[in-house]
Amino acid sequence: MDNDIVPALLESIRNDFDQRAFNSAKLKTAVQLLKNKKATYIDINDYSVEIGQILAEVLGANVTAELLPDGRMYFNIADRVINETLQKNYDLIVGYANDVQTQLNRDANIHMRAQVPDLNQDRVDGIVNRVSSEADFDKIKWLLNEPIVTFSQSIVDDVLQSNVEFQAKSGLRPKITRRVVGKACKWCSSLAGSYDYFDKPEEIYQRHERCRCTVEYDPGSGRRQDVWSKKWVDPQRETKIEARKQLNIKKKTPAPSA
Ligand SMILES: [Zn+2]
């Protein structure tokens with residue numbers, strides 16, 4: 001390749017994305033709900049789907065077989081284009097989610113920082129490797145469509161999971177609710193429901209492609225439990241109890257008379 005197409009390609013992707021995002025009524029609604037302190041995980045989910053769909057459209061319009069050398073998205077092109085654009089998706093979604101989670105914590109009187117998960121680089125690498133392993137871009141371009149939306153939703157699932165786990169481990173009783181949207185498959189229908197953190201199904205955070213199920217959680221009263229849930233084991237609990245017993249024994253033992 002004597003000509004590096006990536007800088008110009010990224011430039012047009014950036015401009016196209018920013019313009020579509022700026023004009024998106026759904027994103028405007030999401031931002032307004034946040035301003036009014038009314039945003040929930042449903043809105044974070046909607047926000048992520050919209051961001052994902054915009055990026056999918058932008059990639060579809062800008063990355064074409066005609067543009068790519070040999071009609072193939074070689075690794076060094078895929079690596080730079082996909083990493084930059086998915087990083088931006090991550091930054092936008094996590095930024096919005098963090099603001100909403102902060103608000104939810106405040107509303108529930110929980111004095112805890114909103115948790116932010118890391119970007120799942122494995123998922124990004126998976127897309128880069130698959131798209132660049134195919135010699136004919138036209139045969140694999142679907143990968144830059146719906147899977148980009150699924151990737152964006154998975155960021156919300158990660159945010160929710162890290163906040164729920166953090167709060168549960170801090171002694172709160174978060175409830176997780178998963179709802180189906182539209183016609184749901186058997187698997188999704190079986191996962192729908194409201195669960196206590198400690199009784200949730202293993203697959204609660206998982207989704208298949210085109211799955212628009214929503215996952216929400218309620219931090220509960222914001223009050224900590226008086227006792228640790230039986231299912232949550234503080235790894236140092238036994239040691240602490242043992243240490244306290246020892247202290248008591250020492251205190252109770254009468255001082256030897258001299
Ligand atoms: Zn689903």
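**The sheet and its helices**

Modeller: The structure, which is a predicted model, holds zero disulfides. A disulfide is a covalent bond between the sulfur atoms of two cysteines.

Three strands form an open sheet, in the order 2-1-3, and their pairing is antiparallel. Strand 2 (193–196) and strand 3 (214–218) are the edge strands, each pairing on one side only. From one strand to the next, the twist averages 20°. Strand 1 (residues 175–179) runs antiparallel to strand 3, and five bridges join the two. In this pairing, K175 stands opposite D218 of strand 3.

A helix accompanies these strands. Helix 7 lies across strand 1 and strand 3, and its direction is at about 25° to strand 3.

Helix 7 (residues 146–169) also packs with helix 5 (residues 121–133), at an angle of about 170° and with the axes 11 Å apart. An angle over 145 degrees counts as roughly antiparallel, so helix 5 is roughly antiparallel to helix 7. On the helix 5 side, the contact involves R123, V124 and I127, which meet I148, F151, S154 and D158 of helix 7. Sorted by class, the contact between helix 5 and helix 7 has four nonpolar residues, one polar residue and two charged residues.

How values were computed. Residues numbered from 1 in each chain as written. Predicted model: local features only at pLDDT ≥ 70, side-chain atom pairs only at ≥ 80, totals over all residues. Heavy atoms only, no water. Disulfide = S-S within 2.5 Å. Axes fitted to C-alpha atoms, helices over the stretch in contact; angles between N-to-C directions. Helix = DSSP H or I, 4+ residues; strand = E, 2+ residues; numbered from the N terminus. Parallel < 35°, antiparallel > 145°, perpendicular 65-115°, else oblique. Contact = heavy atoms within 4.5 Å. Nonpolar A, V, L, I, M, F, W, Y, C, P; charged D, E, K, R; others polar. Pairing = 2+ DSSP bridges.
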